[in-house]
Amino acid sequence: MARRPAPPLPSALKAPPPRPGEGNGPLSPVEQAKEAGITVVDWVDERTSLSGAARWLMFRKVPKGTNWYYTLGSATLFAFLSQAVTGVFLAMFYRPDAAGGAYESIRHITDDVFLGQFVRGMHLWGASVMVVLVFLHMGRTFLFGAYKYPRELNWVIGVVLLILTMVMALTGYLLPFDQRAYWATIVANNITATGPLVGPYLGDFLRSGPEFTATTLSRFYAIHMLLVPGAIAALIGAHLYLVTKLGTTAPPWSKVDRRPELSETEV
Amino acid sequence: MANKRAKQKSKYTLDRGIPGAFEGETVTRRRFMTGAAHSAGAVAAAAFTLPALGFAVGPIFKQERHSWEDIGPLEAFSENNYIPVVVTINPGVGEVGKTTAYVRKRNPAIDTDRYDSTTPYIAISTRCAHVGCPVRWIDAAERFVCPCHGGVYDLLGRRVSGPPVRPLDRFPTRVRAGRVQLYTGRFSVNSELRRFSPRDPGEPLDGIGQYLYPSRPSARIP
Amino acid sequence: MNRVEKEQYLRDYSVLKAQGKPFFPYAVAKDGAMACVVLAVIITLSLVLGAGQGPKANPTTTSYVPRPDWYFFFLFELLRVVKPSSLTQLATIGVPTIGMILLFLLPFYDRGPERRPERRPIAMLTFVVVVAAMALLTYKGAHAGDPTTIGMATPPRIVRTGGATLAEYEAGKAVVAQSGCLACHKIGENGNDGPGPNLTHVAARLPVLAVARTLVNPTAPMPSFKNLPPNKFKAAVAFLSQLK
């Protein structure tokens, strides 16, 4: 913008020239907001040194050739987050009461609560989507040989996450307490009990007694919404840490350019 | 060499070059503090883990209470056909505590087994002995049929085909004042109809089975 | 992988990584786009299919046919296909446990340095076999029928004839389904394949009279159906003798 000439005002009315160190006059509100933001971030960073970690996480390089197949892991993570959030809201309405309260509360969520069926549908179908994604992610890892050195431990963590996802899917469908839920739980519990020697006791432990009791549903509820999600969240943390530390794999077909000037390592 | 040995023998960590050594710390002191750190941690962890675990595991050792329940007059049951009756095996949870048993009068011609001789009525549990689906009695074929994985049982509840590992479980019965009563604690039988304390479905009782799948403190033979 | 191969891999990887792009924003943009697709799929499924609720849990039922959710169909079908009762534990606990252990230990027994799929024939063959087996089990699990209904379509020649023949065929189908024949025989897609023979084309093997005679006077362990009411018996014979 072209600068217009200053109006011919008496010197007393003229704005004083900026003092050294004051910059170019008062900041505009936008710039002030920016400054405030920077100050806050600086304040936090001075006390936590998180910026280094953020740089390490976000500005690491991903190898040449990284393609859409590499989004399956983060897509699974995203499905898990969606499950966590919708699950928290469903828990606000759900009652783990085998004597009729559980079925009734699910009916209430589905029929009466505003957006209830939508949120329950998201949780229900989110489970299927997460199962599909977790298997696709594992398939990708297998096909690309990404479980090999040095990422063996991350594969093991991934298998634990796969099993925990299936445990979530199973314990989740007891909670609506309809016929399918009830019989699936009975069958799953009895399958656990067919393990030799320890099976019978394990079955009793899961069921909290020799038959389905009032506590069985609460147990599965606690497993579904506290125990396993906690374990999944912790293991996802470990999984991501290792991914960041070791780097994502390059597609197995990548041609390595072995010119010496390229082989110096960068962070 | 002699100097090095002297270094090894000194009781001060600084002399021995132990990592994290500081002025005036002795090895005995460090050893004591290491032990204290480990045991304090173990005690603190056990203090919340053990009670919680005991609390969760407790029900395994608690024996279920059962009772005799009236299921109808003597004439209600015939010798050749099963009548379904609904009994409450687990009071206090409403509908979920109930189950269905198929009951018929003992027929000396077919129930020849000596273990059956004390039972005036044969009451068969509807829990499939494979993994616990609800079996149904089909009169025309004289078979119990499981809708899940293809288990089929005969009139006595013995396996005819499919994956079930033992016959269907049974309930004890008795006659009191002209009425049939059923005891709500079931028992399991092996392929010779010998009685065992109740097992979960899928646990065979023939041969080594009864040892591989031991009886549980929570469910004893009635 | 021996030490040389490990070092070679790390060197090659560091070159590829150095030539790559920063995670933010290049990979994150793709991840974000994928996340939007995932959420769109979840929302669409929720809006289109909703969230149903079946009948209330009822342990006293003798008519409900329990089925798991689709992602457990392969385990469900595994329990169905393993028929001998001596192998039941193998199906319930054995195969899943062995599968999990093999999955856990994969990086420890597959230690070759090769990562290209086309140069790992054993791994790829295993992959194809496992995926095909799971897909097949899932498909069969999804189509597992109820033991007291017959899903077979009425053949067009009977529909064309109509009248009493059609009525008797339909009545017979219901009688056969309700009489527990499917416990031991397979008819079309329904029923257990064994111990009895497959009845889908029984009329091609047996004439009408033989069918009736077998129903009255069968070989053990098949029970006799002579106690069926005469009209039901007649309908059942009529239905079975149409299974060509």
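This report covers helix packing, a chain contact, a domain division and a sheet in a predicted model.

## Basis

The model is predicted: local features need pLDDT of at least 70, side-chain atom pairs count only at pLDDT 80 or more, and totals for chains, interfaces and linings use all residues. Residues are numbered from 1 along each chain as its sequence is written, while chains are lettered from A and ligands numbered from 1 in the order in which they are written.

## Helix packing within chain C

Helix α9 (residues 208–216) of chain C packs against helix α10 (residues 230–240) of chain C. Their axes lie 9 Å apart, at an angle of about 130 degrees. Helices are DSSP runs of H or I with at least four residues, numbered from the N terminus; strands are runs of E with at least two. Axes are lines fitted to C-alpha atoms, for helices over the stretch in contact, and angles run from 0 to 180 degrees between N-to-C directions. α9(C) and α10(C) are therefore oblique to each other. Angles under 35 degrees count as roughly parallel, over 145 as roughly antiparallel, 65 to 115 as roughly perpendicular and the rest as oblique. The crossing is right-handed (the near helix is turned clockwise from the far one by less than a right angle).

From α9(C), Val208(C), Val211(C), Ala212(C) and Leu215(C) meet Ala236(C), Val237(C) and Leu240(C) of α10(C). Contact needs C-beta atoms, placed from the backbone, within 7 Å. This contact of α9(C) with α10(C) has seven nonpolar, no polar and no charged residues. Ala, Val, Leu, Ile, Met, Phe, Trp, Tyr, Cys and Pro count as nonpolar, Asp, Glu, Lys and Arg as charged, and the others, Gly among them, as polar.

## Between chains

Helix α5 (residues 116–143) of chain A crosses helix α2 (residues 23–49) of chain C at roughly 125 degrees, with axes within 8 Å. That makes α5(A) oblique to α2(C). The crossing of these two helices is right-handed. Residues of α5(A) in contact include Trp125(A) and Phe118(A); those of α2(C) include Ile42(C) and Ser46(C). By class, this contact has 11 nonpolar, three polar and no charged residues.

Chains A and B each give 25 residues to their contact. The chain B side has 14 nonpolar, six polar and five charged residues.

## Domains and sheet

Chain C divides into domain 1 (69–144) and domain 2 (156–240), with bounds from an automatic or database domain assignment. Their C-alpha centres lie 37 Å apart.

In chain B, four strands form an open antiparallel sheet, ordered β5-β6-β7-β8. Strands pair if DSSP finds at least two bridges between them. β5 (136–138) and β8 (159–161) of chain B are the edge strands. Two bridges join β6(B) to β7(B), and Val145(B) has Val152(B) as its bridge partner.

Note on methods. Contact = placed C-beta atoms within 7 Å.
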